[in-house]
Amino acid sequence: MVSFVVSPMKLVSLGVMLIGTILSVSSEELVGVWLGLELNLYGFLVIMNPDGHYSPEPCVKYFVVQSTGSILMLVGFVSLMEQHVVSGLVMSTAGTVLKSGVFPLHSWVPSIIKNSSWLASGLMLTWQKVAPLVFLSMILPSKSLWVVIVSMAGIGAVGGLNQNSVRVMSAYSSFVHTSWMLLGLAWSSVVFVGYFAVYSLSVGLFFYGCSLMNKMSMGSQLSSAASGMGLLMLMGMPPFLGFLAKVLVFLMSGSLVIVACIMGSVISLKFYIDFFYSMVMKSLVDKNKVEVKAIWSLVICMNIMGGALILVSFI
């Protein structure tokens, strides 16, 4: 039995974080973009360690990284307002790349994810990427964006191999999925929203299942089903929603960069499968087979129905 206690401070912080991202994405002024990112940062810092039970190290690291990115962005925005276009774009791009954790300023992501809570890690890999990625796709030239996409796909696929930490594996996995999201964002915001929604659901299910397990094994059939479904969706295996999300990006993309994304996903299957069989499948041994089959049947039906709804919405 898992009990959830949500403090008022955590609720307020979540609200500030959500408002900050929405303000940053919807703002037409540079000041609004910067202000939204700052609100998002302040709200998320509380989420990282709301009760003081976790190590302050990842929170301090994240604050330093994000503050540095904010300073670079602010200097770039001021330079743009003063008509210093080249220097302004360089500083703004550097700050946005650092805050979003993409190539070449991506190395801070695995180290912070490794020591953070499951909730903070999940939000850092999903919601915290929205505003920086949207702004980055707007200011980065196409050729530079293709370089970032190819590099992220390669780094995520190779870096995730032989990782023992689930959080670190998820961080490198997020690099591969970021390449898909950036590619989708370059061609269609609707495809980006669809892919991001599926990816967020996958990470949420996977991390929820992992948060329920003890140090020895997965603690329940619910955690096994949640982790297994999240992993299969992250793999992009049919008939799960992750496969459909990748198909939509593939159909919308008009660039050969998609080949790098596909190769990254294929290579990353190695560490996905290793984890799936070593932790999820082992937890199903000696369990009630009827109940397990019922859970997985429900999981597959939910994904098929969700995929059908997404396809209908695009027709």
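The paragraphs below take up the annotated spans, then a surface patch, then the cysteines.

The model is predicted. An unreviewed UniProt entry lists residues 60-78, 85-106, 118-138, 145-162, 182-210, 222-241, 247-273 and 294-314 under "transmembrane region". Two of these spans can be compared with the coordinates. Residues 182-210 are 97% helix and 0% strand, and the C-alpha atoms at the ends of the span are 27 Å apart.

On the surface, a nonpolar patch is formed by Tyr-42, Val-60, Phe-63 and Val-64, which together have about 380 Å² of accessible area. Helix α3, residues 57-81, is the main contributor to this patch, giving three residues. Tyr-42 sits in helix α2, which covers residues 30-48. Why is Tyr-42 classed as partly exposed? Its relative accessible area is 47%, and partly exposed covers values between the 20% limit for buried and the 50% limit for exposed.

The structure contains zero disulfides. Cys-59 has a relative accessibility of 18% and therefore counts as buried, because the cut-off for buried is under 20%. Cys-261 is also buried, and its relative accessible area is 0%. Cys-59 lies within the residue range of helix α3, 57-81, while Cys-261 falls within the UniProt span 247-273.

Methods. Residues are numbered from 1 along each chain as its sequence is written. This is a predicted model: local features need pLDDT of at least 70, side-chain atom pairs count only at pLDDT 80 or more; totals for chains, interfaces and linings use all residues. Side-chain values use heavy atoms; hydrogens and water are left out. A disulfide is a pair of cysteine sulfur atoms within 2.5 Å. Buried means under 20% relative accessible area, exposed over 50%, partly exposed in between (1.4 Å probe, protein chains only). Patches are made of residues with over 30% relative accessible area and no salt bridge: like charges are joined within 9 Å, nonpolar side chains (Val, Leu, Ile, Met, Phe, Trp, Tyr) within 5 Å. Accessible areas come from the Shrake-Rupley method with a 1.4 Å probe; for residues, only the protein chains shown count as cover. A salt bridge is a side-chain nitrogen of Lys or Arg within 4 Å of a carboxyl oxygen of Asp or Glu. Helices (H or I, at least four residues) and strands (E, at least two) are DSSP runs, numbered from the N terminus. UniProt positions are given in the numbering used here, feature names are shortened, and annotations may be inferred rather than shown by experiment.
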